[in-house]
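Here is a short note for a first look at this model. Please read the points with the structure open.

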Amino acid sequence: MQLTLLGTGCPKVDHKRFGPSNLVKTRKSIVLIDCGSGVTQRLEQAEFSTANIDALFLTHLHSDHVVDLYQLIISSWHSYRTKPWLVYGPKGTKKFLRLIMNAWNDERNQRIKYEKRSSTKAFNIKVKEFSNYGKIKIKDLIIEYFEVDHKPVQYAYGFNFYHNNKKLTISGDTKPCDNLMKYAQLTDVLLHEVFIEDEMKSITKMRSKQTLHNVKNYHTISSVVGKIAKITRCKKLILTHFVPTRFDEKKLMNRVKKDFGKNPIIGKDLMEINI
Ligand SMILES: [Zn+2]
Ligand SMILES: [Zn+2]
């Protein structure tokens, strides 16, 4: 199983760290997790065609994780996709898809009529919404989904990917929660989000003390993420979804190592990890 980090950033625009998105590939299957800003550009850089993705899994419906969804669909049409899209996401995903497809309806129909491409299957979108826990099989890959705590976001999920006796856990956006620690037990790779608290000092007119407090409160801070990783007994910890996107890497590494006992990997866009 191969994990490619496509975007390791957050809502803040940064050309080195695009919006959150990851790709899991096995011999038979390709699954995309989230589609943050710049996802299609990163897919192109990593040499994956949007025509070949088997399924899209959404952790939650925060804009930084789904903002390029329509771009993904359109790009797959331009890439001669000949199969429908399979989208798995939290409650609300059906409505969200319906609304964005409707927003572009006239423009799309005009293009379809005029450009006369060989297939319109890319616009056939099958959406399945998660319950609180479940398992889904995509060819040779098993995906287990479980709820995480990103309140006030009501529906947010983490995922386990199983292939050839290996396990990959993706935390999604979450504050420290029991479910993550439970389902990530003994995972080979834990890909976890992080909020780097001591890098977020400056108070500008845009960011009040309350903003910082609230944002920090629905994420996992750097002085806690290593402790969580230790509890899960994961073999490898990779950090992603960096808030802020620019920070002292050495300092973060040392801080997390103190709790985890091993060096974490500081994720970077286009990093590939074989599991
Ligand atoms: Zn996010
Ligand atoms: Zn979020």
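1. The crossing of α8 and α9 is right-handed (the near helix is turned clockwise from the far one by less than a right angle). Helix α8 spans residues 222-232 and helix α9 spans residues 249-260. Their axes, lines fitted to C-alpha atoms over the stretch in contact, lie 7 Å apart at an angle of about 40°. The two helices are therefore oblique to each other (angles under 35 degrees count as roughly parallel, over 145 as roughly antiparallel, 65 to 115 as roughly perpendicular and the rest as oblique).

2. Contact means heavy atoms within 4.5 Å. From α8, S222, S223, V225, G226, K227, A229 and K230 take part; they meet L252, R255, V256, D259 and F260 of α9.

3. This is a predicted model: local features need pLDDT of at least 70, side-chain atom pairs count only at pLDDT 80 or more, and totals for chains, interfaces and linings use all residues. Residues are numbered from 1 along each chain as its sequence is written, chains are lettered from A and ligands numbered from 1 in the order in which they are written, and side-chain values use heavy atoms, without hydrogens and water.

4. Helix α4 covers residues 93-103, and T93, L97, I100 and M101 are buried there (under 20% relative accessible area; exposed is over 50%, with a 1.4 Å probe and protein chains only). They cover an arc of only 100° around the axis, so they sit on the same side of α4. On the other side, R98 and A103 are exposed. The buried residues of α4 pack against α3, β5, α5 and β6.

5. T240 belongs to strand β12, residues 236-243. T240 counts as buried because its relative accessibility is 9%.

Definitions and conventions
Helix = DSSP H or I, 4+ residues; strand = E, 2+ residues; numbered from the N terminus. Arc of directions from axis to C-beta. Axes fitted to C-alpha atoms, helices over the stretch in contact; angles between N-to-C directions.
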